[in-house]
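Work through the exercises below with the sequence and the 3D view at hand. Try each task before reading its solution.

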Amino acid sequence: MKLFRMMMILLGSFSLIGIGCTDQKHEVEKDKEDTTVLEEQTEQKGENIRIPHNERLLFSTDKKWIEREGHQSDLIRLQWTAERAKPAIVWVDEKGKDKTAIISHDKANNPEQQDHKHISFETTMSPTGEYADQLFTRFEIPFDTDISEIRTHSSNFNVMSGVLRVAGEENTNRDIQFSVSGKNNKTTPRWAVRADSSKEDEGNSGANLQFVRYSNDGEVLDSPLTIQRNNGNVGIGTSDPDSKLDINGDKLRIRNKYTPASSSSACSQGQMAWDDEYVYVCVSQNNWKRTELSSW
């Protein structure tokens with residue numbers, strides 16, 4: 001009986017092994033068949049390698065930065081192997097024409113130009129313009145720099161139903177600059193709209209709004225206009241206005257003369273006017289007073 005039981009166990013084991021081998025052989029044949037199908041569906045044309053139409057490439061990872069190798073656990077890696085090569089991801093229309101692209105490269109096409117060293121987002125120019133259908137850089141971010149100066153070209157920047165924000169720590173200037181472009185992408189400021197570095201305190205003081213002007217060399221000249229945040233006082237030629245309008249200058253000009261028809265002509269309190277004979281002040285609603293002018 002024991003001998004019979006051992007023989008049955010051995011026969012069962014061989015049967016399982018046979019089934020396993022059969023299954024494994026089936027999986028290998030299936031993988032081979034799938035590979036054959038993929039190879040049959042894959043079309044190679046010139047330098048283009050195509051995957052089956054409407055199929056999707058899916059990459060996934062659970063890896064993080066690989067410090068010892070000095071790179072990310074990247075799933076797609078585009079490398080330039082010549083100094084003026086431009087590896088790109090490109091979108092084309094139904095006719096095969098380039099329409100948009102994301103490109104990263106080091107050198108310019110023209111050896112006489114400055115190195116580009118940026119990643120750029122490009123779209124085509126107008127089909128009826130001077131450079132019809134040519135890809136043109138609209139947005140670029142330089143690399144190999146500690147501070148990345150993001151640039152846009154031939155573009156309007158719109159924020160739709162949102163906020164365009166320039167933020168910074170307290171006691172720092174937060175600027176929007178208007179500059180001129182020069183050689184090698186150098187920019188030199190001419191004007192800036194600034195929330196200044198004045199200390200923020202109780203009563204909403206500090207971080208005042210200023211209009212700053214610059215010299216041709218890009219050096220700050222002064223702040224001809226300041227608006228204080230805590231009280232709304234406006235200073236012209238002063239950064240510390242102590243009234244609603246504080247003018248640091250020796251003249252105030254009203255270019256055009258005006259003569260009220262009578263002392264009860266329409267006016268609002270505080271309005272002023274002048275003509276060849278008088279200076280007029282509206283002291284209350286529809287109530288003008290005047291003082292005579294004389295030579296000396």
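A nonpolar core is a set of buried Ala, Val, Leu, Ile, Met, Phe, Trp, Tyr and Cys residues joined through side-chain atoms within 4.5 Å; buried means under 20% relative accessible area, exposed over 50%, partly exposed in between (1.4 Å probe, protein chains only). This is a predicted model, in which local features need pLDDT of at least 70 and side-chain atom pairs count only at pLDDT 80 or more, while totals for chains, interfaces and linings use all residues. Residues are numbered from 1 along each chain as its sequence is written, and side-chain values use heavy atoms, with hydrogens and water left out.

**Exercise 1.** Find the residues of the largest nonpolar core.

Solution. Step 1: the largest core has five residues, namely C267, A273, Y280, C282 and W288. Step 2: take W288 and leave aside its neighbours within four places in sequence; its contacts (heavy atoms within 4.5 Å) include C267, A273, Y280 and C282.

**Exercise 2.** Locate the disulfide (a pair of cysteine sulfur atoms within 2.5 Å) and give its handedness.

Solution. Step 1: the whole structure holds one disulfide. Step 2: C267 and C282 form it, with sulfur atoms 2.1 Å apart. Step 3: the torsion about their S-S bond is about 65°, so the disulfide is right-handed. Step 4: both C267 and C282 are buried.

**Exercise 3.** Which strands pair in the open sheet of six strands?

Solution. Step 1: strands are DSSP runs (E, at least two residues), numbered from the N terminus, and two strands pair if DSSP finds at least two bridges between them. Step 2: the order is β8-β9-β10-β11-β12-β13, with mixed pairing. Step 3: β8 (174-181) and β13 (245-247) each have a single partner strand, so one side of each lacks a neighbour in the sheet.

Methods: Helices (H or I, at least four residues) and strands (E, at least two) are DSSP runs, numbered from the N terminus.
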